[in-house]
Amino acid sequence: MIENFSQTVWLVPLYALVGAVLAIPWSPGIIRETGPRPSGYINIAMTFVAFLHSLFALVETWNKPPQYLSFEWLHAANLNIALDLEISTITLGALLLITGLNLAAQIYAIGYLEMDWGWARFYTLIALFEAGICALVLCNSLFFSYVVLEILTLGTYLLIGFWFNQSLVVTGARDAFLTKRVGDLILLMGVVALLPLAGTWNYTELAQWAKTTTIDPTVATLLCLALIAGPLAKCAQFPLHLWLDEAMEGPMPATILRNTIVVSSGAWVLVKLQPVLALSPVVAKVMMIVGSVTAIGASLIAIAQIDIKRSLSYSVSAYMGLVFIAVGTQQDETALRLLFTYAIAMSLLVMSIGGVVLNNITQNLTQYGGLWSRRPISGLAYLVGAASLVAFPPFGCFWTLTEMADHLWTSHPWLVGVLVIVNGLTAFSIIREFSLIFGGKPKQMTVRSPEGLWALVLPMTITMGFALHVPILLWQWNILPEWENLNLTVATVLVISTLVGGIASAWIYLNDQIPKPIELKPKALQNFLAYDLYTAQLYRVTIVFFVGLISQIVYWFDRYLVDGVINLVGLATVFSGQSLKYNVSGQTQFYFLSIFLGVALFVAVVCFPFLSQISLSISP
């Protein structure tokens, strides 16, 4: 019986959609007597079924070659679009990670949204996310990957705008949607342009085509630039990175998925398209530059934030920048392992601070302190997540970052410096948050702050145990490097950067003799980092200004030229009609006279050029 799980793995996204549909009857406007809770329990049950299905399918396909399924969707003339699916150890492992984290987020939402009446809407949207990401992972077609990315963009807009009665929430949802739409529009151009060149949208066939094609370098560069635009926006890379910062206005359970899985959707498409992107060395350099700028810039910005969720969001952008570097240097497997270890670590960090924000209401780091004695489980979970995120042996990201740096050591040594800097800055940032929240003495907002409900603590504790076992899992999967093959120089430098960043942050923020809040000198540097390198202001004086100027020109043209011509015709018609009504007497001869004069005038106008030419020809 277990052999059927891999062949029916396409049901995994449908489980979430069934849960979303079944949640609709428990909307507050439809059923008020039972309350909204059944909608959450139904979706949790469906996600658990999807998790078990993915687990059994993974056991069945372990260490076996990939299988491919295809369902014809559209066949018209010479266009044949099929829904192609890939069933492999990697895709099923990704399904297991997605459904597992979504299950934890849904249980977490029971406690976080305990008093909220929007359960049906929230769980429906979170199910839409799960279905979309699972479909993206299984999909072996660029066309349907683009369709799924569009669905995820809509889901992002709706989830960020969950509490739509707040102005910042509405603004954040709008900006996130528009920013992603910019990347999606350019990606669509690349998707459409790729078909006549390659003749297929199938990822496997695209990889074979990329090995043998002799495409023009300019065409390859333009095509690949268009293809990375969508993932660039999805992964919150510079200059399309501001949406993730504003997305923090959404509920914390949704942030668990958005900061781990949703932002990784663009990176997944990048990995699948890597053989095509390798056709253009220019695009590879662009990916490395964009990833480096975003990683270093976001790490610096995170240190200057006083909002807990926003500080973590910039660390997300930084690590997605490292994924861009990995794909740009053709380290596909390393990029996938980094996505896996990063997702576990970041989900644990979000869960640990979610309960803190819920109980203490504020997200301002300067108003926290002394929570270690009151929330030891959350504090311990945060430390495990922090250790798992940076290069701190033997936790998960240590191995992936070391492997990535080892590959870069010989080919792009300057990127090793970027990796070390980002790792040190991330260690400084997350220990800064820990020190401000859990260290020091209790403040007015943290005097009464016990551990949260079981629904908050249980998924956090299970995720913490899983994070501790990630190195064992990597060893069992035979993807950990042997000690004799480990580049000890690179590993030592990374560990030193972690210790320097973490110890420096703890010494600064746990030292009562240093006045708080910390102010950098000069103040302009602190403002430069705190206000996101003035990116929003740069948008206003460039893109927003030019779009507004063009809009005003188009408005003027439409208002005074297009509308003016139409209004002139209308006035002429009204004037002629008013004039002709005085010729109407009921007598037939007046009608014939009016028609005759009109026809004569029309003939004169039409024949005027010919008459002028005849007069010129007969003149002496």
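A residue counts as partly exposed when its relative accessible area lies between the buried limit of under 20% and the exposed limit of over 50%. Glutamate 150 has 23%, so it is partly exposed. This briefing concerns a predicted model.

**Salt bridges**

- The structure holds five salt bridges.
- Arginine 181 and glutamate 150 form one of them, with their closest N and O atoms 2.5 Å apart.
- This pair ties together parts 31 residues apart in sequence, because arginine 181 sits in helix 7 (residues 167–198) and glutamate 150 in helix 6 (residues 142–160).
- Arginine 181 is partly exposed, because its relative accessibility is 28%.
- Arginine 181 also bridges to aspartate 184, at 3.8 Å from N to O.
- Both of these residues belong to helix 7 and are three residues apart, about one turn of the helix.
- Aspartate 184 has a relative accessibility of 0%, so it counts as buried.
- Aspartate 184 forms a further salt bridge with lysine 234, where the closest N and O atoms are 2.6 Å apart.
- Lysine 234 lies in helix 9 (residues 217–234) and aspartate 184 in helix 7, so the bridge joins parts 50 residues apart in sequence.
- Lysine 234 and aspartate 184 are both buried.

**Aromatic pairs and a cluster**

- The model contains 20 aromatic pairs.
- Phenylalanine 340 is in helix 15 (residues 332–360), while tryptophan 477 is in the loop between helix 19 (454–476) and helix 20 (488–509).
- The two residues are 137 residues apart, and their pairing links distant parts of the chain.
- Phenylalanine 340 is buried, because its relative accessible area is 15%.
- Tryptophan 477 reaches 34% relative accessibility, so it counts as partly exposed.
- Tryptophan 372 and phenylalanine 434 make an edge-to-face pair, 5.9 Å from centre to centre with 75° between the planes.
- Tryptophan 372 lies in the loop between helix 15 and helix 16 (376–389), and phenylalanine 434 in helix 18 (residues 413–438), so this pair ties together parts 62 residues apart in sequence.
- Tryptophan 372 is partly exposed, because its relative accessible area is 38%.
- Phenylalanine 434 has 14% relative accessibility, so it counts as buried.
- Tyr41, Trp119, Phe122, Tyr123, Phe162 and Trp163 form one aromatic cluster.

**Helix 4 against helix 15**

- Helix 4 (residues 89–112) packs with helix 15 at an angle of about 0°, and their axes are 12 Å apart.
- Angles under 35 degrees count as roughly parallel, so helix 4 is roughly parallel to helix 15.
- On the helix 4 side, the contact residues are Ile90, Leu97, Leu101, Ala104, Tyr108, Gly111 and Tyr112.
- On the helix 15 side, the contact residues include Leu336, Phe340, Ala343, Ile344, Gly354 and Gly355.
- By class, this contact of helix 4 with helix 15 has 14 nonpolar, four polar and no charged residues.

How values were computed. Residues numbered from 1 in each chain as written. Predicted model: local features only at pLDDT ≥ 70, side-chain atom pairs only at ≥ 80, totals over all residues. Heavy atoms only, no water. Phe/Tyr/Trp six-rings, centres within 6.5 Å; stacked < 30°, edge-to-face > 60°. Helix = DSSP H or I, 4+ residues; strand = E, 2+ residues; numbered from the N terminus. Buried < 20%, exposed > 50% of the residue type's maximum accessible area, 1.4 Å probe, protein only. Salt bridge = Lys/Arg side-chain N within 4 Å of Asp/Glu carboxyl O. Axes fitted to C-alpha atoms, helices over the stretch in contact; angles between N-to-C directions. Parallel < 35°, antiparallel > 145°, perpendicular 65-115°, else oblique. Contact = heavy atoms within 4.5 Å. Nonpolar A, V, L, I, M, F, W, Y, C, P; charged D, E, K, R; others polar.
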